[in-house]
Amino acid sequence: MFIFIAVGILTFVVLYSLAAIYAERKVSAFIQDRVGPMETGKYGLLQSFADILKLLQKESIIPAAADKALFILAPAIIFISVFIGFASIPITNGVIGAGINVGVFYVIAVITIEVVGILMLGWASNNKYALMGSVRSVAQIVSYSIPAGVAVISVVMISGSLDLQVISANQGIFSSEKIFLLGFWDVSNIGGFLAWNIFQAPHLLLAFIIYFIASLAECNRAPFDLPEAESELVGGFHVEYGGIRFGIVMLAEYAMMLLVSVIAVILFLGAWNTPFPNIGTFTLANWTTGTFWGIFWLLAKAFFLIFIQMWIRWTLPRFRVDQLMAFGWKVLIPLAFLCLIISGIWKLVIMN
Amino acid sequence: MKKGIIHTINSILEGLSTTLKHFFAGKKYRNANGGVAKSNYFENHEGLVTIQYPKQKIPVPEVGRYQLHVEMDDCIVCDLCAKICPVDCIAIDSIKATEDIGITSDGTKKRLHATKFEIDMAKCMYCGLCTVVCPTECIIMTNEYDRSVPHVAQLNYVFAEMPPEEIEAKRIALLQFEEEKRKAKGL
C-alpha cells in the first residue's frame, strides 16, 4: 500500500515537473510577447519529454577534479529531500501518505534538508562558481527558513494542531470546532473561502505573504535566484552538471515549488476545502466537496500559487546579496514575529 | 521610510500588472503583415511578435534587392559586372563568336559566347553595383532572400557553363576564322 502511494506520488511529481517546465517556458514566452516552444508536438506540448529524453541519452561526465562520491550523491539527496516532503501531505479528506501528528514540523524540517544537497553539489563540483552559488543558497535558505517557520507557527497557534490533516479539516465544513470569520461570525456550516485560515484571523494574510516570499527564497526562485544567477555565476551551483543528473536537480527545483505551494495552500488557503460557501439553499460547499473534489481543489490552488511564482519570476529583477539579507532579517523576521505575537493575543482574547 | 515602502509596493504591483497584461495578450498575434506601410502599424502594441519563420514570413517588396539573377539570353558577356564587383564574386570567361548568335531582347547584337558565368553568393555583399553597370539589364537582384544550401560550394551559382570540348571547337573555329581573315587581307 505504501509502495503504491509512493510510486503514485513519484509518477505524479515527475509528470507535474515536466508539465511545469513547459508551463514556465510558455508563461515566460507570453509575458515577453514570444510564442515559446512550438515545434515538438502540437503547441510544443512534447517539448519537456523531448528534453528529458535528450538528458537521459547524454553522457554523464564527472569532472576530473570533482569529489566523485559526493558528485553522484548530491542530486539524489536534493530530489529525495523534496520528495519525502510529499509523504505527509493530506491529499484529500482522509487520504494521506503518512498521517503523523507532527506533520507541519516534519515537512518544514524536511524542506531544509535540500540545503545539504545543494552545498554538496557546489562543494563536489570543485568549481568556484558552483561553490559560490551553493554558499549563497545555504545562506539564503537558512535566513529565510526563520520567517517561514515563524509564519507557520502563527498558523499552528490559531489551528491548535501540528497535524496537517487536522489543520486542513479546521478550514471547512468538516471542522470539529466552531470556526469564526474574523473571529466574530460563525461560519462552521457555511464553509467556502470564508473559513480559510487567512480569513479566520486577518493577520494570517500577512503571515501568508511572509511565508510566500520566504518560500520563493527557499525554492531559489526569482527574485531570490542568487544561487543560480546566470549573469554572474554562469549557471550557479549546478554549473558542472550535465545529463540526467542535471535533469534531476531541475525536477527537484520544480517539485520544491509544488511542495511549498501545497504547504501554503494547506496552512493558509483552506487545503482541500472548496472555495464556494453555502448560501442559503445553494449549498455550493456541500456540492463541491468529496474525495476527488478535494484532490482537485488542493492541486488547483497549488497550481495557482505556482503560476504566481512564475509570474513574479518573469517580472521582478534579482536581489543583490546584501539586499536579500537585509530584507530577510530586517523586514520579514520582525513582521513574522509580529504575526506570532498577534496570533497569541488573538488566541487568548478573541478565540476564547 | 513609510513613503519608500508604499513606493516599492506600488512599483512592484505596476510591474506585475504590466506583465499580466502581456500574458493575457498572448492569445493573439500582433498583425505585422503589411509592415510599416499599414496605416494602423503604430497601434499594434499587443499580442505576440514572433514570426515562426519558415511557416510565416513577413512579405518583402516585389522589387527587393536580395539574391542576384542573370538572364543569360540577354547577356552580351561584356564583363562590366565582374570588373565593378568590389569583392570579385563574379567570374566570367568568354570566347569570340564566329557566326551570328542572335540579339538580346533590347536589340543589342551578341558577339561573345559565355564559356563561364558564375556568381559566388557566399562572397556577394549585395551592393548592387553590377546591376547598375549592366548595359542590357540582364543581371538583376530578385526578392529571394532565404535560399539555404547544405554546402558552401553550392552558393556558387552557375549561370552559363560550356563543356570543354565545345570550348575547344569554338577556339579552333575562331582560329580558322582569323586565319581566313588574315589571308583575305593578303597578309
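This is a predicted model: local features need pLDDT of at least 70, side-chain atom pairs count only at pLDDT 80 or more; totals for chains, interfaces and linings use all residues.
Local features are reported only at pLDDT of at least 70 and side-chain atom pairs only at pLDDT 80 or more, whereas totals for chains, interfaces and linings use all residues. Residues are numbered from 1 along each chain as its sequence is written, and chains are lettered from A, with ligands numbered from 1, in the order in which they are written.

**Figure 1. Overall build of chain A.** Chain A contains 13 helices and 6 strands (helices, H or I with at least four residues, and strands, E with at least two, are DSSP runs numbered from the N terminus). Its radius of gyration is 21 Å, close to the 20 Å given by the globule rule for 352 residues, so chain A is as compact as a globular protein of that length. The radius is taken over C-alpha atoms, and the rule is 2.2 Å times the number of residues to the power 0.38. The C-alpha trace of chain A spans about 65 × 45 × 45 Å along its principal axes. Buried residues make up 47% of the 352 residues in chain A; a residue is buried if 20 or more other C-beta atoms lie within 10 Å of its own, exposed if 12 or fewer, and partly exposed in between, with C-beta atoms placed from the backbone. Of the contacts in chain A with a separation of 6 or more, 76% are between residues 24 or more positions apart, a contact being two residues whose C-beta atoms, placed from the backbone, lie within 7 Å.

**Figure 2. Crossing of helices H1 and H10 in chain A.** Helix H1 (residues 2–31) and helix H10 (residues 243–268) of chain A pack at an angle of about 95°, and their axes are 9 Å apart. Axes are lines fitted to C-alpha atoms, for helices over the stretch in contact, and angles run from 0 to 180 degrees between N-to-C directions. H1(A) and H10(A) are therefore roughly perpendicular to each other; angles of 65 to 115 degrees are given this name, those under 35 count as roughly parallel, those over 145 as roughly antiparallel, and the rest as oblique. On the H1(A) side, Val13(A), Val14(A), Tyr16(A), Ser17(A), Ala20(A) and Ile21(A) take part, meeting Leu251(A), Tyr254(A), Ala255(A), Met257(A) and Leu258(A) of H10(A). By class, this contact has 10 nonpolar, 1 polar and no charged residues (Ala, Val, Leu, Ile, Met, Phe, Trp, Tyr, Cys and Pro count as nonpolar, Asp, Glu, Lys and Arg as charged, and the others, Gly among them, as polar).

Figure 3. Helix H4 (residues 103–125) of chain A has 23 residues and reaches 34 Å from its first C-alpha to its last, close to the 33 Å expected at 1.5 Å a residue; the expected span is 1.5 Å times one less than the number of residues. H4(A) packs with helix H5 (residues 128–159) of chain A at an angle of about 175°, their axes being 8 Å apart. This makes H4(A) roughly antiparallel to H5(A). The residues of their contact comprise 15 nonpolar, 8 polar and no charged. After H4(A) comes Asn126(A), with a positive phi near 55°. Pro63(A) touches Asn126(A), as well as Ser125(A) and Glu240(A), when residues up to four places away in sequence are not counted. Pro63(A) itself lies in the loop between helix H2 (47–57) and helix H3 (68–83) of chain A, and counts as partly exposed, with 15 C-beta neighbours inside 10 Å.

Figure 4. Chain B has 4 helices and 5 strands, in the order α-β-α-β-β-α-β-β-α from the N terminus. The radius of gyration of chain B is 29 Å, well over the 16 Å from the globule rule for 187 residues, so chain B is more spread out than a compact globule. Of the 187 residues of chain B, 11% count as buried. In the contact between the chains, 12 residues of chain B meet 11 residues of chain A. The side of chain B that touches chain A has 6 nonpolar, 6 polar and no charged residues.

Figure 5. Helix H4 (residues 164–185) of chain B is hardly covered, with a count of 0 buried residues among its 22. H4(B) is followed by Gly186(B), whose phi is positive, near 75°. Val77(B), in the loop between strand E1 (68–70) and helix H2 (80–84) of chain B, has a positive phi near 55° although it is not glycine, and counts as buried with 23 C-beta neighbours inside 10 Å. Asp88(B), in the loop between H2 and strand E2 (90–96) of chain B, also has a positive phi, of about 50°, but is exposed, with 10 other C-beta atoms within 10 Å.
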